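Please look over the sequence and the structure before reading on.

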Amino acid sequence: MELPQEIVVEQIIEIASRNHMDYLLLGALLKLDNLSDEHKAVMKKCVMVSLMRTMTQVAELKAMEKRFEEAGVKNQPMKGARMKFIYPRPEMREMSDIDVLIDADCMNTATDILKDMGYSLLQSIKHHDIYQKPPMMVVEAHRVMYDKTVDGEQHRYFSSFSKTILREGMKYTYDFNTEDFYVYMMAHMAKHFYARGCGIRNIVDVYVYQEKFGSVMDRAYLKEELKKCGILEFTEHMEKLANIWLKGEKSSGFYEDLFLYMMDSGIYGKDENGIWNKFAEEKMKGKEATPSQLKRWYYFPPVSYMAEYYPWLEEHAWLLPIAWGIRFCRGLFKKKGVHKREMLQEIEEDKVKTYQTIYQNMGLHFKR
């Protein structure tokens, strides 16, 4: 099988890298016949790095879970640390780090274990500690499952280990059941989409999960729980997009715009994407947001956004103007800040309307 002439290999490599899908996309591309030796060399290197990272992560995760069990540390592996094992093979689902929820009473013990395993504390932020071990391992030890500064209702919904069950053969390691993991997966995806956008790997997660568990999940329960979290519309749109992209269902202009937006967002989204939800909220109030309002929201974000970067605002919201000043000074000369200011100056009206429509249709209304 040969690569179609209209496909630009460099573009696929860039998309794979931006969305953490090197093994999945480039591994498949390498099976084609008409690739140059130069392209093959680049892609093989990316695939091997991805494979080595997965092998290391899986070994580290198993070792960490064993140590936690021996020490009586109540824990729950999160996100990709569970999704990896739902794919046909773990290497097909990349992840940048290992996320694990730790019971508050066990955090000190967990810290000692991670340090004994060779990790050092890189950064401690509001709801998790980031540990690093060269050359490639990162572990995020979470204190809470869901950030309350994004949405208070979902923070309460996912609080403690109330919706978890003990993993078979374990005494201290917990997991969600099939339905509750899907609710959490979609809630986590919606949080990122709302705050900064999220990439197309999430669509593959939806497809893989539905293919494996779709026929056995309790749909009535799922619908009710997704409604409680305010993400039912969002979930339905993402399921539809997954079916369009990976099952060949008929598409429409809205889903084409949504796919391109997500592909451009990359795995972690973009800071400037966080302002599109403001347009959607104004639209749903019967108002029309303008580019000047977008600029105002960018320069003076609400405390819910700022607390993500300045955790002390959670307890001292009245210090918001000081946080604005710090943010302004830091962004004056940084490349990211310069880029966002240029984006605000050059924003096109039709793009505003496209993104506004996307966010409005998602029906996300996060509140503290």
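Predicted model: local features only at pLDDT ≥ 70, side-chain atom pairs only at ≥ 80, totals over all residues.

**Pairing of β3 with β4**
- Strand β3, made up of residues 120-125, runs antiparallel to β4, and five bridges join the two strands.

**Pairing of β4 with β5**
- Strand β4 is also joined to strand β5, residues 137-142, by six bridges, and these two strands run antiparallel.
- A hairpin leads from β4 to β5 through three residues.
- Opposite V139 in β5 stands Y131, while Q132 stands opposite V138, which likewise belongs to β5.

**Pairing of β2 with β5**
- Strand β2, covering residues 98-102, runs parallel to β5, to which it is joined by four bridges.
- In β5, H142 is the residue that L101 stands opposite.

**Burial of β4 and β5**
- Strand β4, which spans residues 128-133, is mostly covered, with five of its six residues buried.
- For β5, six of its six residues are buried.
- From β5, M137, V139 and A141 point one way, whereas V138, E140 and H142 point the other way, and the residues of both sets are all buried.
- V139, which faces Y131 across the strand pairing, and H142, which faces L101, therefore count among the buried residues of β5, where buried means under 20% relative accessible area.

How values were computed: Residues numbered from 1 in each chain as written. Heavy atoms only, no water. Buried < 20%, exposed > 50% of the residue type's maximum accessible area, 1.4 Å probe, protein only. Pairing = 2+ DSSP bridges.
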